[in-house]
Amino acid sequence: MGRAYCSAALHASGLTERLSGILAGWFAGSYRRAVIGTIVAGSALCFVLPSAFGRLAILVPVVVDLAGKLGLERGSVGYRGLITGTILGAIMPGYAILPANLPNVLILGTAEALYQVSIGYGLWFAAHAPI
């Protein structure tokens, strides 16, 4: 329910159009740049927003509007690729960032409670970050 409110607020405030307009200027003429940019944006949000669904609630409406501004028709292969890149970019990097996903925190809490093993942020990131 919160995601729906967030998406509605983004549309009502005009933030979706403003952000997608800025991004369209950066990504104009390059589909590859648009996909990489949305993946990087999702990854960057992992550090400041600890909920994957929260990140998606912010990014997907912006990227849907961006796809329209880039000339990608709804349902086309390019449109689906851009949305898929956004979703994966917002979810997958979060597993390497300790506070970015609830399962990460649960795993650490369980490890500490059951095995008295304490894993810090740096060790977690080193073990899970892409090489």
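User: Leaving aside its neighbours within four places in sequence, which residues is Pro-50 in contact with?
Analyst: Contact here means heavy atoms within 4.5 Å. With neighbours within four places in sequence left out, the contacts of Pro-50 are Arg-55, Pro-99, Ala-100 and Asn-101.

User: Before going on, what kind of model is this?
Analyst: Residues are numbered from 1 along each chain as its sequence is written, and side-chain values use heavy atoms, with hydrogens and water left out. Local features need pLDDT of at least 70, side-chain atom pairs count only at pLDDT 80 or more, and totals for chains, interfaces and linings use all residues, since the model is predicted.

User: OK, how many helices and strands does the protein chain have?
Analyst: Helices (H or I, at least four residues) and strands (E, at least two) are DSSP runs, numbered from the N terminus. From that end, the elements run α-α-α-α-α-α-α. So, by that definition, the count is 7 helices and 0 strands.

User: Back to Pro-50: does it count as buried or exposed?
Analyst: Pro-50 sits in the loop between α3 and α4. Its C-alpha atom is 7.7 Å from that of Leu-102, which is 52 residues away along the chain. The cut-offs are under 20% relative accessible area for buried, over 50% for exposed and partly exposed in between (1.4 Å probe, protein chains only). Because its relative accessibility is 52%, Pro-50 counts as exposed.

User: Which residues form the salt bridge, and how far apart are the closest N and O atoms?
Analyst: A salt bridge is a side-chain nitrogen of Lys or Arg within 4 Å of a carboxyl oxygen of Asp or Glu, and the structure holds 1. Both partners are in α4, and because they are 4 residues apart there, about one helical turn separates them. Asp-65 is partly exposed at 23% relative accessibility, and Lys-69 is partly exposed too, at 42%. The pair is Asp-65 and Lys-69, with the closest N and O atoms separated by 3.5 Å.

User: Where does Cys-6 lie, and which residues does it contact beyond its neighbours within four places in sequence?
Analyst: Cys-6 lies in helix α1 (residues 2-13), and its relative accessible area of 26% makes it partly exposed. Its C-alpha is 24 Å from that of Leu-72, 66 residues along the sequence. Beyond neighbours within four places, Cys-6 contacts Ala-57 and Ile-58.

User: What about Trp-124 in helix α7: what is its relative accessibility?
Analyst: Not counting residues up to four places away in sequence, Trp-124 touches several others, among them Tyr-95, Leu-98, Ile-107 and Ile-119. From Ala-57, 67 residues off in sequence, Trp-124 is 26 Å away, C-alpha to C-alpha. Trp-124 counts as buried because its relative accessibility is 6%.

User: Which residue other than glycine has a positive phi, and what is the value?
Analyst: Most residues other than glycine have a negative phi, and most peptide bonds are trans. The residue asked about lies in the loop between α6 (102-115) and α7 (121-128), and it is exposed, with a relative accessible area of 62%. It is Gln-116, with phi near 55°.
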